[in-house]
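Please walk through this structure with attention to its charged side chains, its aromatic rings and its open space.

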Amino acid sequence: MDGSRIILAAHRGDRKCFPENTMPAFESALRFGVDMIETDVHMTSDGHLVLIHDRSLVRTTGANGFTDQTSLDEIRTLDAGSWFSPDFINTPVPTVEEFISLVKNSDMLVNWELKDFPHEVGDDFAFLCADRLIDTIRKHSFEERSMINSFSDRVLEYVYGKYGSAFPIHGQGIYGCQRTKDTATVKQEELYSWCCLYPNEKGLSPLDFPENFEYCKKHGILPCVCVPDHMDTYKKYVELGCRMFTSNDIYEADRILKELGLRLS
């Protein structure tokens, strides 16, 4: 994760072929051989860590309510697969512990995105979620393979202040591509070691803000993107200095990067 090679990350696992953020999606990404899996962490009402993108349970489980107001036992009864396909009916929402058990004997890197935001759940809950994730990572000696990510600069500042340089800090947006949920007192150039660049307006792309790639490079921040997996756009991002592609189609991304000579067969 030092930028010496371009990383291919599976966005929520192999979400092209399997329901996102489920064990089948993670297992497929692991089998395929991506460098990293990106996943989303929430804490349940009784303090357990689960992998699901939204705070709301509706989109991927059909249930009403929020992760932070639901117990682990209740969440584990939900069906997180049939929205994607009837083939995955009754696929459960996984825990962080289950995920680590899957990948710990591989060389898989993990981009942990903290999705409990202070403006939604309060500082104490959001910071406790971060602490419990890091405690779990350390319990499994997983530090060197973990990156901490959030759309909340406030959460990232908390992690940075408490844990220092123990983990690469992955932020979201720089100036023209600002997409954070809140602000921090520490400047982004000090806080971030990686940054995913986004457009700030509909109809635009990170390519419309090349100055942000230059800004990242100037301040030692490694730029990355999550964009459609097309050869022409990948070429342009590589030229701008992108060091990680977080992909929704790992098969096409892998093919493109191999054709560009940036990924081994």
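Asp254 is buried, with 7% relative accessible area; buried means under 20%, exposed over 50% and partly exposed in between, for a 1.4 Å probe and protein chains only. This is a predicted model, in which local features need pLDDT of at least 70 and side-chain atom pairs count only at pLDDT 80 or more, while totals for chains, interfaces and linings use all residues. Residues are numbered from 1 along each chain as its sequence is written, and side-chain values use heavy atoms, with hydrogens and water left out.

Asp254 forms a salt bridge with Lys258, with 3.0 Å between the closest N and O atoms; the term means a side-chain nitrogen of Lys or Arg within 4 Å of a carboxyl oxygen of Asp or Glu. Both residues lie in helix α11 (residues 250–259), four residues apart, about one turn of the helix. Helices (H or I, at least four residues) and strands (E, at least two) are DSSP runs, numbered from the N terminus. Lys258 is partly exposed, at 34% relative accessibility. Asp254 also meets Arg263 in a salt bridge, at 2.6 Å from N to O, and Arg263 is buried as well. Through shared partners, salt bridges join Arg5, Asp35, Asp254, Lys258 and Arg263 into one network. Elsewhere, Glu20 pairs with Arg12 in a salt bridge at 3.0 Å between the closest N and O atoms, and both of these residues are buried. The count of salt bridges comes to 19.

Next come the rings. The structure holds ten aromatic pairs; rings of Phe, Tyr and Trp (its six-membered ring) pair if their centres lie within 6.5 Å, and planes under 30 degrees apart count as stacked, over 60 as edge-to-face and the rest as tilted. Phe18 and Phe88 are edge-to-face, 5.6 Å centre to centre with 65 degrees between the planes. Phe18 lies in the loop between β1 (7–11) and α1 (23–32), and Phe88 in the loop between α3 (72–76) and α4 (96–103), so this pair ties together parts that are 70 residues apart in sequence. Phe18 is buried at 18% relative accessibility, and Phe88 is buried at 16%. Tyr234 and Phe245 are stacked, 4.0 Å centre to centre with 10 degrees between the planes. Tyr234 belongs to helix α10 (residues 231–240) and Phe245 to strand β9 (residues 244–247), eleven residues apart. One aromatic cluster is formed by Phe18, Trp83, Phe84 and Phe88.
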